[in-house]
Amino acid sequence: MITELLDCSEKSLKKAADVIKSGEVAAFPTETVYGLGANAFDESAVRKIFAAKGRPADNPLIVHISDISMLKGLTSEVPELAYKLAEKFWPGPLTMIMPKSEKIPSVTSGGLSTVGIRFPSHPAARRLIELSGLPIAAPSANLSGSPSPTTARRVYEDMNGRIPVIIDGGESSVGVESTVLCFENGGVRILRPGGVTPEMLSEICRVTVDPAVTSELKPGAAAMSPGMKYKHYAPKASVEIVRGSAEKYAEYVLKSAKAGDWCLLFDTSEAVEGIPYICYGSDSREQAHRLFEALRELDVKGAKHVFARCPELKGVGLAVYNRILRAAGFNVTDLEVQA
Ligand code: TXA
Ligand code: MG
């Protein structure tokens with residue numbers, strides 16, 4: 001299959017909408033990461049997404065809408081709180097899980113009775129959904145297991161020959177995937193942290209952060225969100241998160257690094273002599289924006305092992321930590337407790 005890379009003009013978006021209406025898959029930009037979209041109601045189209053990504057069939061897809069009025073046809077029950085959160089955070093990087101309507105096929109929901117709905121803010125994503133006149137099921141547009149793409153070029157590297165169309169809408173601004181939450185006891189439980197932070201949600205309702213956000217699921221434990229089970233976002237290099245001051249970090253890396261090892265730093269001022277590095281930003285928003293691209297750059301450089309400085313867990317930093325923790329396969333060295 002030939003993969004066409006298109007700009008995000010009205011003409012190109014119409015073309016991509018036609019692709020989706022005809023039961024095929026199109027990649028498109030969102031403010032979080034790029035998505036791999038198909039008609040959420042069309043089983044055979046949705047199967048093509050799973051095939052293109054090599055995604056396990058039990059991992060459900062998020063359904064994207066371009067207007068709150070589309071919620072009714074996709075869900076069997078919408079909690080009052082969902083409307084409140086929608087008013088505050090939609091369009092934007094928030095996915096809410098609700099009981100699904102019968103119209104959503106089981107392939108789309110990974111066999112679950114619920115569906116995650118998101119109204120993205122990226123103008124090209126919104127226009128594509130409008131033009132297709134359909135809810136669009138879309139996971140991140142990477143091969144299953146590799147870091148989510150935040151540019152059309154990275155989508156092309158993973159999806160060339162696998163899908164007919166990629167819309168280029170520039171760099172994703174947030175850089176990590178949406179916050180995924182479900183409703184419980186009048187409040188919400190965060191299953192995956194993202195651009196809408198626990199602090200932001202706490203202004204509206206009671207918020208619980210699922211323990212699986214910051215720690216490894218015990219073998220055999222049930223995952224509230226199937227995506228939590230899988231090793232994710234992993235570059236080819238092994239990643240080790242190193243928690244501690246810049247000074248302790250430098251000391252530890254100097255002692256441990258071998259040829260082929262790299263540092264993943266906040267900024268250049270922390271460079272450790274003789275060891276190559278990539279920076280991913282000195283505040284949480286920048287780290288979120290840069291993390292996946294930095295992980296892909298480390299692969300291009302052929303890094304064998306990466307010593308990553310540990311992000312702060314506040315605000316969107318919780319999402320950064322959640323992703324890098326999975327990239328590291330939960331390998332964290334804490335220099336503060338070892339001291
Ligand atoms: O920002 C995003 O959410 C991006 C863009 C394209 O919108 N999409 C995205 O999709 O990250 P994906 O498929 O890569 O991640 C969706 C996550 C998975 O971990 C999945 O298990 C979880 O959301 N999820 C989806 N539907 C769910 C449901 N009904 N119940 C529990 N977890 C669900
Ligand atoms: Mg994904």
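Contact is taken here to mean heavy atoms within 4.5 Å. The structure described is a predicted model.

Two helices, α8 (residues 284-300) and α9 (residues 317-327), meet in this way. On the α8 side the residues involved are Ser284, Gln287, Ala288, Leu291, Phe292 and Leu295, and their partners in α9 are Gly317, Val320, Arg323, Ile324 and Ala327. The axes of α8 and α9 come within 8 Å and cross at roughly 20°. Angles under 35 degrees count as roughly parallel, so α8 is roughly parallel to α9. The crossing of α8 past α9 is left-handed.

Helix α4 spans residues 123-132, and its buried residues are Ala124, Ala125, Leu128, Ile129, Leu131 and Ser132. Viewed down the axis of α4, these buried residues fall within an arc of 165°, and they therefore line one face of the helix. The elements that cover them include the helix α1 (10-21) and the strands β2 (26-28), β4 (62-64) and β7 (136-137). Just after α4, Gly133 adopts a positive phi of about 70°.

Asn39 belongs to strand β3, which comprises residues 35-39. Buried residues have under 20% relative accessible area; Asn39 counts as buried because its relative accessibility is 11%. A polar atom of the Asn39 side chain lies 2.9 Å from the backbone nitrogen of Phe41. When neighbours within four places in sequence are left aside, Asn39 is in contact with Ile20, Ala45, Val46, Leu134 and Pro135.

Terms used: Residues are numbered from 1 along each chain as its sequence is written. Chains are lettered from A and ligands numbered from 1 in the order in which they are written. This is a predicted model: local features need pLDDT of at least 70, side-chain atom pairs count only at pLDDT 80 or more; totals for chains, interfaces and linings use all residues. Side-chain values use heavy atoms; hydrogens and water are left out. Buried means under 20% relative accessible area, exposed over 50%, partly exposed in between (1.4 Å probe, protein chains only). Helices (H or I, at least four residues) and strands (E, at least two) are DSSP runs, numbered from the N terminus. The arc is that of the directions from the helix axis to the C-beta atoms. A polar contact is a pair of N or O atoms within 3.5 Å; within protein, one must be able to donate a hydrogen and the other to accept it, and residues adjacent in sequence count only if both atoms are side-chain atoms. Axes are lines fitted to C-alpha atoms, for helices over the stretch in contact, and angles run from 0 to 180 degrees between N-to-C directions. Angles under 35 degrees count as roughly parallel, over 145 as roughly antiparallel, 65 to 115 as roughly perpendicular and the rest as oblique. A crossing is left-handed if the near helix is turned anticlockwise from the far one by less than a right angle, and right-handed if clockwise.
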